Amino acid sequence: MSYNEIKTVIDMGNGSQIELSTGKLAKQADGSVVLKQGDTMLLATVVSAKEAKAGVDFLPLSVDYQEKYASTGRIPGGFLRREARLSDHEVLISRLVDRALRPLFPENYHADTQVLISLISADKDIMPDALAGLAASAAIAVSDIPFNGPISEVRVAKIDGQLVINPGVADLERATLEFIVAGSAQDIGMVEGEADEISEEEMVEAIAFAHEAIKKQVAAQVELANLVGKSVKREYNHEPTNPELRAAVFAATYDKVYAVAKSASAKHERTAAFAAISDEFKATLPAELDEDTKFLYKKYFHDVQYDAVRNLVLDEGKRLDGRDVRTVRPIWSEVDYLPAAHGSAVFTRGETQALTSVTLGAKDDEQMIDGAFFHGYNKFILHYNFPAFSTGEVRPNRGPGRREVGHGNLAMRSLKKVLPTDENPYTIRVVSDILESNGSSSMATVCAGTLALLDAGIKLKAPVSGIAMGLITDESTGKFAILSDILGDEDHLGDMDFKVTGTEKGIVACQMDLKINGLKWEVLTQALDQAKEARLHILGEMQKTISAPREDYKPHAPRIVSLTIDKEFIGAVIGPGGKIIQEMQRETGATISIEEVDGKGIVQIFADNKAAIDAASGRIKAIAAKPEVGATYEGKVKSIMPFGAFVEIMPGKDGLLHISEIDWKRYETMDGIFTEGDMVTVKLLDVDKQGKLKLSRKALLPRPPREDKPATDASSN
């Protein structure tokens, strides 16, 4: 054997174990770990360049999670039949891992770093997304890459009233809350998930429960790293320093930057004022600056802005736009803005604006999900677009990036929780176009999406609003400030980005990213309480525009009628090779879909006018109707036999009208009585055990009077 495999095992309880091993696969990576639980296996690798590129003042980290189709014994769809670019599902998992790892790298570490996680074997009852963060962190732990971890991620869910870590796929369907939580042994760093209108106390309880499981998984990674012997990390020097320049920048610009921050000016005015201060100081420097000095000046001026804005909040309780820490920016909204859409809304909060539309479609419009682990159909779609003009910038439009996918997913989670279940036959697509952005456009999407759905006549269980919270802390003094409705600059310069959505009853979704160590539970609780206050305020403003769903859909919106038929009639509705259903669609103009659910045939008829709906539903009802004994039918003579005629009383249902049941008078032959295609009114007398129909025309005719027989003469005997 040419490898030295090292393993450690995590006991997850209930007989479940997670095994971490290294030294067998991908040995040329800086770090490589195989995670195994049941039949699920993840291969995580990390490679980091030895040196940083010149002029880079951030961590160029890329995290990619990919599910190999072979892991579930499937062949990819599409023309190429191979794994292509990451699906939205894989992008979302990649983002979860990225957000958990990124804050734990040293601030001055700027080398290109790549983390790859591959699902190479799958157990159909084990969700691999909850294991990806553990695998990635373990790969870094066994490398010499500087990292202030380890971290881990777990899924926490409440099932049948009990909190559970990493439940199986089947159990998860009953969950009333479901969060992915990431953190180190000391702190929570990331939370994302959804819930059924839970309280703030329930959310804190679930996060704390998840943290206990995270601690066990972090301890196992430390053990594995010690066994490997990579406790000493590589040396690096990715940032030059110039204390004299730093002191000069602070001395010359801090007070001016603080004054601009305090001026409560608009975003573009404030940006221009900061740039003028920077240019003024830069003019005092030598005309020809070396690259290191340019890099450091940019960094030090950013540090000035960072300190000034944060100190303004902590010392004076004032923010860049003049608000206090609890005030939400002014809100206005409008519905029915797009006359041709099935539902639409504009929602504006401060300098953030979303234009959102709703389109109602049929079953054929459902989104097909063709992933390695999940495949099926989705009937609620939300797309979030963030064009460059929304922030006054110029950049190529290359389609949605990871940020757009993540923001759209948070809004989708929020609105999905309040959609009607049984009474909603539509495929629904919500599109949110961000027209202005200065803080929390994803929460604007939630609010605009709610308004647009109500405008479309969708019977939501309850309206949903969302708010983004921020946090400014000073470890040296212990001061902290929780900010409601954060600006873009406050997101960038703050210590936390915490988005919470919910109804009047409780929380339905959340997303939290923490950029510092040591978030105290009481701070988290206060942030949730302050978020609730802001969320309810926004909901009140939304309800001034529209407070309940419209009584009916828009006149130009398509209509859907759902019919339930017996399973035995599904084939008759479809017809041989689809002939009958295609003919009905062609002749009525309606779109018809049919599927078997729980032993019944569920038919959906989709059309943009009532006449088409009525025509199609009438024909389907006729096909699927069961003949009733004693009922009268107008039937068509289909064929004539010596003993009677076969009459079609319903589409596809023929019965025998025997020669003896045609009339009260006796016929010796069928000649001349009917011709094929004649219409005749008949009564259904009986249906025998074989399903054959016995018809009668005679039963509908008046019985002729009986002729009296002549009296018998007794004397003749």
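Visitor: In which loop is the place of Ser440?

Guide: This is a predicted model, in which local features need pLDDT of at least 70, side-chain atom pairs count only at pLDDT 80 or more, and totals for chains, interfaces and linings use all residues. Residues are numbered from 1 along each chain as its sequence is written, and side-chain values use heavy atoms, without hydrogens or water. With helices (H or I, at least four residues) and strands (E, at least two) taken as DSSP runs numbered from the N terminus, Ser440 falls in the loop between strand S17 (427-436) and H9.

Visitor: Is Ser440 buried or exposed?

Guide: Ser440 is not a glycine, yet its phi is positive, near 55°. Relative accessible area under 20% means buried, over 50% exposed, and in between partly exposed (1.4 Å probe, protein chains only). Ser440 has 10% relative accessibility and therefore counts as buried.

Visitor: How many residues of H9 are buried?

Guide: Helix H9 spans residues 441-455, and Gly457, with a positive phi near 90°, follows H9. H9 is largely enclosed by the rest of the structure, because the buried residues number 15 of the 15.

Visitor: Which relative accessibility does Ala26 have?

Guide: Ala26 lies in the loop between strand S2 (16-22) and strand S3 (31-37). Its phi is positive, near 55°, in a residue other than glycine. Ala26 counts as partly exposed because its relative accessibility is 36%.

Visitor: Over how many bridges do S7 and S9 pair?

Guide: Strand S9 (residues 175-183) is mostly covered, with eight of its nine residues buried. Two strands pair if DSSP finds at least two bridges between them. Lys158 has Leu177 of S9 as its bridge partner. Strand S7 (residues 152-159) pairs with S9 in the antiparallel sense, and the number of bridges is eight.

Visitor: At which residues does UniProt place the feature "binding site"?

Guide: UniProt positions follow the numbering used here, with feature names shortened, and annotations may be inferred rather than shown by experiment. The unreviewed UniProt entry places "binding site" at Asp491 and Asp497.

Visitor: Which residues does Asp491 touch, not counting those up to four places away in sequence?

Guide: Asp491 belongs to helix H10 (residues 488-493). At 26% relative accessibility, Asp491 counts as partly exposed. Contact here means heavy atoms within 4.5 Å. Leaving out residues up to four places away in sequence, Asp491 touches Ile486, Asp497 and Lys515.

Visitor: Is Asp497 buried or exposed?

Guide: Asp497 is found in strand S20 (residues 496-502). Residues up to four places away in sequence set aside, Asp497 touches Ala468, Met469, Ile486, Asp491, Gln511, Met512 and Asp513. With 8% relative accessibility, Asp497 therefore counts as buried.

Note on methods:
Expected span 1.5 Å × (residues − 1).
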